[in-house]
Amino acid sequence: LRSAILMISLMSVGFVIIGIIPTNAPGEPTTLTVSIHRFTAGIICFLFPMVCLSIARGLHGDSNSKNIRIFSLVTGGTGIALSIVGLLVIMTDTPWKGAIERIILANGILWIEVVGVWLLSNQNRSQKLHNLLENQKKA
């Protein structure tokens with residue numbers, strides 16, 4: 001789970017970069033800022049499914065976390081599939097680039113919201129997750 005926290009932190013920095021550095025409109029030339037935006041988006045698209053799968057692996061064996069583990073596996077798998085589709089869409093000259101970006105983003109927001117509600121719905125869960133992280137640090 002420590003690797004998931006690192007990946008989430010990197011994604012957070014990436015989202016700030018993407019928010020500050022815009023991309024170009026279709027048909028406009030590629031500039032340095034566009035390249036930075038695209039590279040950062042690619043990193044986020046790679047890291048997000050890895051976070052989901054890492055969380056799912058870390059929760060393996062905890063019967064209280066079965067549903068969130070399955071949800072993380074499904075969302076992570078969906079993220080991988082959407083990233084592949086997004087890569088194919090970006091390589092073509094199609095007006096659907098913005099749509100696939102938003103679908104990828106919606107998948108990530110859905111996971112963040114569901115996991116957040118799951119953690120906040122029971123303080124005991126948050127404490128168990130904290131204890132799990134602490135035990136991994138000691139190992």
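Let me start with helix 4, residues 97-120. With 24 residues at 1.5 Å a residue, helix 4 should span 34 Å, and its end C-alpha atoms lie 35 Å apart, so the two agree. Keep in mind that this is a predicted model.

Which residues of helix 4 are buried? They are Ile100, Ile104, Asn107, Gly108, Trp111, Val115, Trp118 and Leu119.

Next, helix 3. From first C-alpha to last, the 26 residues of helix 3 reach 38 Å, close to the 38 Å expected at 1.5 Å a residue. Its buried residues are Ile68, Ser72, Thr75, Gly76, Gly79, Leu82, Ser83, Gly86 and Val89. What do the buried residues of helix 3 pack against? Helix 2 and helix 4.

Now the pair formed by helix 2 and helix 3. Two packed helices are described by the angle between their axes and the distance between the axes. Here the axes of helix 2, residues 32-58, and helix 3, residues 66-91, come within 8 Å and cross at roughly 160°. Anything over 145 degrees counts as roughly antiparallel, so that is what helix 2 and helix 3 are to each other. The crossing of helix 2 past helix 3 is left-handed.

As for the contact itself, helix 2 brings Cys45, Phe48, Pro49, Met50, Cys52, Leu53, Ile55 and Ala56. On the helix 3 side they meet Arg69, Ser72, Leu73, Thr75, Gly76, Gly79, Ile80 and Ser83. By type, the residues of this contact are ten nonpolar, five polar and one charged.

That is it from me.

Methods:
Residues numbered from 1 in each chain as written. Predicted model: local features only at pLDDT ≥ 70, side-chain atom pairs only at ≥ 80, totals over all residues. Heavy atoms only, no water. Axes fitted to C-alpha atoms, helices over the stretch in contact; angles between N-to-C directions. Helix = DSSP H or I, 4+ residues; strand = E, 2+ residues; numbered from the N terminus. Parallel < 35°, antiparallel > 145°, perpendicular 65-115°, else oblique. Left-handed = near helix turned anticlockwise from the far one by under 90°. Contact = heavy atoms within 4.5 Å. Nonpolar A, V, L, I, M, F, W, Y, C, P; charged D, E, K, R; others polar. Expected span 1.5 Å × (residues − 1). Buried < 20%, exposed > 50% of the residue type's maximum accessible area, 1.4 Å probe, protein only.
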